[in-house]
Amino acid sequence: MIPIRDTAPCYSRPIVSWSLMVLCIVIFIAMEIIPDQLKHRLTYLFGMVPLRYSSPAWAAHFGLPPDYYLSFLTSLFLHGGWLHLVTNMLFMWIFADNVEDLMGRGRFLVFYVICGLSAQALQFYFDPYLTIPVVGASGAIAGVLGAYFFLYPFERVIVFIPILFFPLVFHVPAIAFLGFWIILQLQKATTSVMFDGVMVDVAWWAHLGGFIAGAVLYRFFLRNEPEQ
């Protein structure tokens with residue numbers, strides 16, 4: 001199912017959401033333009049490599065200086081490919097404007113960052129010896145989904161299902177669409193832990209960490225009146 005848009009009304013311009021999207025897109029394009037060797041180096045410097053913090057000796061040997069966990073933040077603005085970027089930006093475009101509308105711009109930005117940091121922290125906890133950079137805004141956006149799940153449970157998400165030459169369009173309650181999404185993340189995350197040798201190329205625990213943080217914390221960031 002590919003979400004197209006939602007039906008929740010938005011009463012203010014989501015300046016922060018748009019700015020975060022633009023920042024991610026600009027950084028991605030810049031990373032695509034630079035030489036591959038420099039791109040690889042920057043990805044390891046600013047992506048969250050769990051073993052960098054689990055084993056400082058390994059990090060020093062590999063040429064990764066101490067950054068005091070800064071990459072937990074900077075990794076939120078890097079993406080591994082066009083599909084990764086487009087998927088994240090699509091979810092951001094559909095769901096973030098309404099959450100920002102209810103929180104206000106400043107509070108939404110703080111909420112977004114906290115969810116992203118929580119997502120990376122949970123991924124680090126469950127996979128502390130990973131040597132591959134964890135990158136992407138998915139964890140922070142998952143926090144937005146966690147907030148949307150409780151703020152707009154019965155709004156409709158319009159989804160597109162490409163079935164050969166007969167594509168289908170459905171209106172699905174947000175609680176059902178996001179409920180299915182979180183069940184899928186949980187199934188993938190637990191499978192990677194329970195069964196050895198399972199190939200994992202997605203930070204499933206980061207998705208769960210962000211969603212949980214968003215679901216728990218959103219109420220502390222709500223405004224009384226939407227911004228104009």
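Buried means under 20% relative accessible area, exposed over 50%, and partly exposed in between (1.4 Å probe, protein chains only). The model is predicted: local features need pLDDT of at least 70, side-chain atom pairs count only at pLDDT 80 or more, and totals for chains, interfaces and linings use all residues. Residues are numbered from 1 along each chain as its sequence is written, and side-chain values use heavy atoms, with hydrogens and water left out.

**View 1. H207 in helix α10.** This helix covers residues 204-217 (helices are DSSP runs of H or I, at least four residues; strands are runs of E, at least two; both are numbered from the N terminus). H207 counts as buried because its relative accessibility is 12%. Leaving aside neighbours within four places in sequence, H207 is in contact (heavy atoms within 4.5 Å) with S138, G139, A142, W181, Q185 and V202.

**View 2. W204, also placed in helix α10.** At 17% relative accessibility, W204 is classed as buried. Beyond neighbours within four places in sequence, W204 is in contact with Q123, Q185, K188 and A189. L85 lies 119 residues from W204 along the chain. Their C-alpha atoms are separated by 16 Å.

**View 3. F170 in strand β3.** The strand takes in residues 168-173. F170 has 40% relative accessibility, so this residue counts as partly exposed.
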